[in-house]
Amino acid sequence: MATLRNLKIKTSTCKRMVKELRSYEKEVEKEAAKTADMKDKGADPYDLKQQENVLAESRMMVPDCHKRLETALADLKATLAELKESNEQGAEIGEAESTIAEVEAVVKPTEE
C-alpha cells in the first residue's frame, strides 16, 4: 500500500533525477567544447583520443539517465494514483503533482 512517506521519497527521486539529467547534459556540452578546442589547437593525437572517449562516455549517460527518469516518473504516477484512490490528503500530493508536471516538461521534448 502506498503511503505519503513513499510518495515523498518518489517525488524526491524524480527531482534528483531531473538535476542529474541536466548535469549530464551540461557535462556533454562542456566536454564537446573542450574536444573542439583541442582539435583546433592541434593537440596530441593520444590526448585527443582520450578526450573523445570522455565525451563518448558522457553522451552515453544522458539516455541512461533519461530512461531512469521515465521509470521514476511512472513509479511516482502509480503511487500518486493509488493514494488518490484511497482519498489521502496532504501537502505531499500537491508537491508530487507539480513534480510530475516539471518532469514531464523535461521528458516530452526528447521523445519527439
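Predicted model: local features only at pLDDT ≥ 70, side-chain atom pairs only at ≥ 80, totals over all residues.
**Stop 1: helix α1**

Select residues 4-40, which make up helix α1. Helices here are DSSP runs (H or I, at least four residues), numbered from the N terminus. From first C-alpha to last, α1 reaches 54 Å with its 37 residues, close to the 54 Å expected at 1.5 Å a residue; that expected span is 1.5 Å times one less than the number of residues.

Now colour by burial: buried is under 20% relative accessible area, exposed is over 50%, and partly exposed is in between (1.4 Å probe, protein chains only). The buried residues in α1 include Leu 7, Thr 11, Cys 14, Met 17, Val 18 and Leu 21. Further along, Tyr 24, Val 28, Glu 31, Thr 35 and Met 38 are buried too. An α-helix has 3.6 residues a turn, so residues three or four places apart point the same way. Just after α1, pick Gly 42, which takes a positive phi of about 70 degrees.

**Stop 2: helix α2**

Next, grab residues 45-85, helix α2. Its 41 residues should span 60 Å at 1.5 Å a residue, and its end C-alpha atoms are 61 Å apart, which agrees. Just past α2, Asn 87 has a positive phi of about 55 degrees.

While you're here, zoom in on Thr 79 in α2. Is Thr 79 buried or exposed? Its relative accessibility is 6%, so Thr 79 counts as buried. Leaving out residues up to four places away in sequence, Thr 79 touches Ala 2, Leu 7 and Lys 10, where contact means heavy atoms within 4.5 Å.

**Stop 3: the core**

Show the largest nonpolar core, which has 20 residues. Such a core is a set of buried Ala, Val, Leu, Ile, Met, Phe, Trp, Tyr and Cys residues joined through side-chain atoms within 4.5 Å. Leu 7, Leu 69, Leu 76, Leu 80 and Val 103 touch the most other members. The elements giving two or more residues to this core are α1, α2 and α3, and the largest share, seven residues, comes from α2.

Centre on Leu 7: beyond residues up to four places away in sequence, its contacts include Leu 76, Leu 80, Leu 83, Ile 93 and Ala 96.

**Stop 4: salt bridges**

How many salt bridges does a search of the whole structure find? There are nine, each a side-chain nitrogen of Lys or Arg within 4 Å of a carboxyl oxygen of Asp or Glu.

Start with Glu 95 and Lys 15, whose closest N and O atoms are 2.9 Å apart. Glu 95 lies in helix α3 (residues 91-111) and Lys 15 in α1, so this pair ties together parts that are 80 residues apart in sequence. Glu 95 is partly exposed at 32% relative accessibility, and Lys 15 is partly exposed at 33%.

Hop to Lys 39 and Glu 52, bridged at 3.7 Å between closest N and O atoms. Lys 39 sits in α1 and Glu 52 in α2, so they tie together parts that are 13 residues apart in sequence.

Then select Glu 104 and Lys 77, which meet at 2.5 Å, N to O.

Technical notes. Residues numbered from 1 in each chain as written. Heavy atoms only, no water.
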